[in-house]
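Here are some notes for anyone opening this one for the first time. Have a look at the model, then read on.

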Amino acid sequence: MELQKPKSMPELKPKVKALYDAVLELLNENADVNTLTVSDITKRAGIGKGTAYDYFSCKEEIIAGAIIYDAQTQGVENWERLENIPGFEEKICYCFHWVAECVQEQRAFARFLFLSAHPGAAKDDIMKKLQSMLAESRQCGDMGPMMILGNLCDCGMRECYIRKELPKQAAVYMLLGSLTSLVMYLGEKKQTGDFCPEEMGTYLCEGFLKAVR
């Protein structure tokens, strides 16, 4: 089943992209998002601190913009991969495998999902800015994680895999909850319980697929 084709990624101004890349590199290196400063970002980007304020009003806007840019970039890349995977169930299994890879490789977006799922882990001003910019992005129809999940659930409904009486929005949030649970589990410093990381991913994936039948 074909998925909705995403928009092309907007071309960023060179210095904006340099700032975004700097944020993502720092987060991928396990920098603390709460103590990250504009100076840290501009030093990594190789531009003057004052230049950042030509494009952004505050540190939180740079960080949120970088996270959203990362999500959109990965959204477009994964849309292309999902297009070549036949069947709803196979597409869903791929998503759980991809999320596990993101966490294991400490990719910025996966780390931020982990922080957002733990109240107090990230400062409120950062989370508020991220939420407002994500809302603006969705209104513009940008290809981000939520659009991918919506497209996947559309696919499941077309294949009659998702039961008719289950609203699409409910299926989307059930899938989001299962993926977030995997991020939280894999993001813990010490994983406890009866499941190894691979088994937990399989368990959550199968649980979602059974829940929507």
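The points below go from the whole fold to one helix, then to the cysteines.

1. Ground rules. This is a predicted model, where local features need pLDDT of at least 70, side-chain atom pairs count only at pLDDT 80 or more, and totals for chains, interfaces and linings use all residues. Residues are numbered from 1 along each chain as its sequence is written, and side-chain values use heavy atoms, with hydrogens and water left out.

2. Overall make-up. You'll find ten helices and zero strands in the protein (helices are DSSP runs of H or I with at least four residues, strands are runs of E with at least two, numbered from the N terminus). Read from the N terminus, the order is simply α-α-α-α-α-α-α-α-α-α.

3. The protein has 213 residues, and 46% of them count as buried (buried is under 20% relative accessible area, with a 1.4 Å probe and protein chains only).

4. Contacts along the chain. Take the contacts in the protein with a separation of 6 or more: 70% of them link residues 24 or more positions apart (a contact means heavy atoms within 4.5 Å).

5. Helix α2. Which residues of helix α2 are buried? In this helix, residues 38-45, they are Val38, Ile41, Thr42 and Ala45. They sit on the same side of α2 because they cover an arc of only 90 degrees around the axis (the arc is that of the directions from the helix axis to the C-beta atoms). The buried residues of α2 pack against α1 (14-28), α3 (49-52) and α4 (59-83).

6. The annotated stretch. An unreviewed UniProt entry lists residues 37-56 as "DNA-binding region"; such annotations may be inferred rather than shown by experiment, and the positions follow the numbering used here, with feature names shortened. In the model, residues 37-56 are 60% helix and 0% strand, and their end C-alpha atoms lie 13 Å apart.

7. Cysteines. How many disulfides does a search of the whole structure find? It finds zero (a disulfide is a pair of cysteine sulfur atoms within 2.5 Å). The cysteine sulfur closest to that of cysteine 153 belongs to cysteine 155, and at 9.5 Å it is too far for a bond. Cysteine 153 is buried, with a relative accessible area of 0%, and cysteine 155 is buried with a relative accessible area of 0%.

How values were computed: Buried < 20%, exposed > 50% of the residue type's maximum accessible area, 1.4 Å probe, protein only.
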